[in-house]
Amino acid sequence: MLIVLVLLMIGRVVDWYESQDVFTGARGSFPAAFAAGGPVAPEHVVRRTSDEHALVHGLFLQDTAFGVRAVDLRSGKEYWRYERRDAKEVSWDFEVSDRTVVVGHGDGRLVGIDVRTGRLLWRVEIGEDGYRSVELAGGQVVTGAPGAVRAFGERDGRSLWTVKMPESCPEVLAYSVHALPDHLSVVHAMCDVASLERDAYNLLLGVDNRTGKVLWRQRTVDPKQTAWGDGHTLVAPDPDRTQHVPLLDMNRQGISRRAALPADGWDVVAAGSGIVVSGTDPKDGSEDHDTLLHAYGTRDGQSSWRLRAPAGQEYGFPQIADGRVYVVRQPFLTEGEAGRRIHADLLVLDADTGRLLHTLRLPSMATLDDDDYFEKLDVLDVADGAVSIGWRDGAGDLLIATD
């Protein structure tokens, strides 16, 4: 009997140990952002890193497979770390706001962490194994749950609302969430994408983010084909006519068309600061190489400016922030050029006029040896005086900052 009791106690201790997450807390003083709230004017490369995911307040956040770590952008030293002690429960996704990091795990656990201190704010167990995304919008954490979309408080983790999905959508992925004025949250949900037995489809849900009441729902295209602009603007191809791209207004009453982009603007790559940017190759209509950036106004869909790459060069996917467009210009590469060393440039453009404000030459890099083609260098994030760029030579992502 004593042996049985001892074994039971050991089992409970092991269960308790594995259930505890590891939080190191902040190490040192909170790093100062490079240029919080102001436009980014890149002057030099600070460092290269791997698995960069998000920039905030002079930190970059990295996925560690079982958690997340915050690293001081200037020094490269770890500021805090969070890990699941039970190593079989990987972290599927994490999202960052100015104050909070939220991590979602494969077993349905959500964890809220304070950005400045690295300390646990809350822990929620949704249950049900499987991939789920985590989205932060308007002070709420939104994620998919079995047959539903759920929202929790960003700072305390308390349950705020639950939206039951249609019977045709038992498996739901909350791909993106956008907080609009008048207590409206718009959820771009993907239905049945992990099921082989059901047809996948996409929904836009207009939700009252105080009560969880669904105000409207509408089928839409794959979220990777859409772009979110300022205020109420959504840029999304017509599901029935993919070459037709309307600019849509959203409010509590529903979705309405404001304008449409011309036929040559269908390949939208970024939106924000009052413009929509498409990337095209006007010579052959290729979807693989963007040799022309074309900006349109989000109010009327009219052309604002064009920027054509010099001969033999193309653009990566841009980001729009603080009234500027950040984009990498690189040599035009084709199959069979693996291992070639190239130079690329980060360009900073005025969003209203397309005027070139800054140029930064990036360090030379070698194209991958094991790829059939060379992936473009895309701007991943712009925040607090820093820019991150997807770096494709196996050494991780490139971070740029300015003092």
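Mentor: Start with the polar contact: a pair of N or O atoms within 3.5 Å, where, within protein, one must be able to donate a hydrogen and the other to accept it, and residues adjacent in sequence count only if both atoms are side-chain atoms. This is a predicted model, in which local features need pLDDT of at least 70 and side-chain atom pairs count only at pLDDT 80 or more, while totals for chains, interfaces and linings use all residues. Residues are numbered from 1 along each chain as its sequence is written, and side-chain values use heavy atoms, with hydrogens and water left out.

Trainee: With which side chain does the side chain of Asp345 make a polar contact?

Mentor: That of Arg361, at 2.7 Å.

Trainee: Is Asp345 buried or exposed?

Mentor: Buried means under 20% relative accessible area, exposed over 50%, and partly exposed in between, using a 1.4 Å probe and protein chains only. Asp345 has 6% relative accessibility, so it counts as buried.

Trainee: How many disulfides does a search of the whole structure find?

Mentor: A disulfide is a pair of cysteine sulfur atoms within 2.5 Å. The search finds one. Cys169 and Cys191 form it, with their sulfur atoms 2.1 Å apart. The link of Cys169 and Cys191 is left-handed, with -90° about the S-S bond. Cys169 and Cys191 are both buried.

Trainee: How many residues does the largest nonpolar core have?

Mentor: A nonpolar core is a set of buried Ala, Val, Leu, Ile, Met, Phe, Trp, Tyr and Cys residues joined through side-chain atoms within 4.5 Å. The largest has 19 residues. Apart from it lies another core, of 18 residues, including Cys169.
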